[in-house]
Amino acid sequence: MNESNPVAGKLRQCFTCLRQKTDFVPKLALVLGSGLGDYAEQMKTEAEVDYHEIDGFPVSTVTGHKGRFLFGRIGDVPIVCMQGRVHYYEGYDMSDVVLPIRLMRLAGAQALILTNAAGGIREDLCPGDLMLIKDQISSFVPSPLTGPNLDELGERFPDMSQIYDKELIRRMELTAASLDLSLKQGVYVQMRGPQYESPAEIAMCRTLGADAVGMSTACEAVAAKHMGMKVAGISLITNLAAGISKEPLSHKEVRERADATAPKFRRLVSGAIVNIASGLL
């Protein structure tokens, strides 16, 4: 990797530091959004690495995001969980926001499941619903691929016509059906945040074709796709977006809804990990 590139140099530094903490090789990576923060209880954890232990690693400042990597197994599947993500609105460069995704790929992960809490825009999306992301709009945040291309990670102009892998989507659907869980599908749009969107902005997002809105995920999916990872994404609809809901939006509401829906969220993710790993990884 070109060490003269500061982004590449930081990534290599973080990877070297991570490998000094653990030599665990995951097959699948999982980013734990709101509602899945306690997912570690489902894992047979073999190693924990706090973000503060990795030199140069960005640290989440959001309440409820613990800030550590968990290495372990769901069933027999070796996975790495990112327990607390970094958001663009926290003031980090976009290269830092996606650094954890790139680090998990370098550690060995071939597939990535992204999870988040999102506001429902489409009329049939209600608080408590789970939405499988079939496509995304990331035009409102900087691309993580801006600047000199990291050729060791991927090509300069990667195709994004199928960011979310069709086979992973199919296996997610089969998992949900086997667990008798309702699973909707839609387009996710990432906004800058940290403020919630105005009613006019939500009307714009609806016109553009978005079904749910949040402040993460899309940039991570682009970085993962650039590196050749298979990507899946699930949004937990925690609230109705501005202009749809008659109540003011609050982070407290989002966390409470996420916590209430967490059990079925965890069941879906655990089942999907085993299903995805079977024959794919």
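How many aromatic pairs does the structure hold? I counted five aromatic pairs, where rings of Phe, Tyr and Trp (its six-membered ring) pair if their centres lie within 6.5 Å.

**Entry 1: conventions.** I am working with a predicted model, in which local features need pLDDT of at least 70 and side-chain atom pairs count only at pLDDT 80 or more, while totals for chains, interfaces and linings use all residues. I number residues from 1 along each chain as its sequence is written, and I take side-chain values from heavy atoms, with hydrogens and water left out.

**Entry 2: aromatic rings.** I looked up Phe24 and Phe71 and found ring centres 5.8 Å apart with planes at 55 degrees, so the pair is tilted; planes under 30 degrees apart count as stacked, over 60 as edge-to-face and the rest as tilted. This pair links distant parts of the chain, 47 residues apart: Phe24 is in the loop between helix H1 (6-21) and strand E1 (28-32), and Phe71 is in strand E3 (residues 68-74). I use DSSP runs for helices (H or I, at least four residues) and strands (E, at least two), numbered from the N terminus. Phe24 has a relative accessible area of 8% and is buried; Phe71, at 1%, is also buried. Here buried means under 20% relative accessible area, exposed over 50%, and partly exposed in between (1.4 Å probe, protein chains only).

I then turned to Tyr51 and Phe57, whose ring centres are 4.7 Å apart with planes at 40 degrees, so this pair is tilted. Both Tyr51 and Phe57 are buried. Ring pairs join Phe24, Tyr51, Phe57, Phe69 and Phe71 into a cluster.

I also noted Arg156, whose charged end sits over the ring of Phe157, 6.0 Å from its centre. The criterion is NZ of Lys or CZ of Arg within 6 Å of the ring centre and within 35 degrees of the ring normal.

**Entry 3: the chain as a whole.** I find seven helices and nine strands in the chain. The radius of gyration is 18 Å, close to the 19 Å that the globule rule gives for 281 residues, so the chain is as compact as a globular protein of that length. That radius is taken over C-alpha atoms, and the rule is 2.2 Å times the number of residues to the power 0.38. The C-alpha trace spans about 50 × 40 × 35 Å along its principal axes. Of the 281 residues, 54% count as buried. Among contacts (heavy atoms within 4.5 Å) with a separation of 6 or more, 82% are between residues 24 or more positions apart.

**Entry 4: nonpolar cores.** I define a nonpolar core as a set of buried Ala, Val, Leu, Ile, Met, Phe, Trp, Tyr and Cys residues joined through side-chain atoms within 4.5 Å. The largest has 75 residues, of which Tyr39, Ile54, Phe69, Leu103, Met104, Leu112 and Ile273 touch the most other members. Helix H7 (residues 251-280) gives the most to this core, with eight residues. Apart from it lies another core, of 11 residues, including Ile137, Val187, Ala210 and Val213.

I followed Ile137, which lies in strand E6 (residues 130-137) and is buried at 15% relative accessibility. Beyond four places in sequence, Ile137 is in contact with Val187, Tyr188, Val189, Gln190, Leu208, Ala210 and Ala218.

Entry 5: Helix H6 (residues 218-226) is mostly covered, with eight of its nine residues buried; among them are Cys219, Glu220 and His226. After H6 comes Gly228, with a positive phi near 85 degrees. In helix H7 I checked Ser270, which is buried with a relative accessible area of 16%. Neighbours within four places aside, Ser270 is in contact with Tyr39, Gln42 and Ile74.

**Entry 6: backbone geometry.** Most residues other than glycine have a negative phi, and most peptide bonds are trans. I therefore recorded the following cases.

- The peptide bond from Gly193 to Pro194 is cis, with omega near 0 degrees; Pro194 is in the loop between strand E7 (184-190) and helix H5 (199-208).
- Asp180 has a positive phi near 60 degrees, is in the loop between helix H4 (166-178) and E7, and is exposed at 70% relative accessible area.
- Thr217 has a positive phi of about 80 degrees, is in the loop between strand E8 (212-214) and H6, and is buried at 0% relative accessibility.
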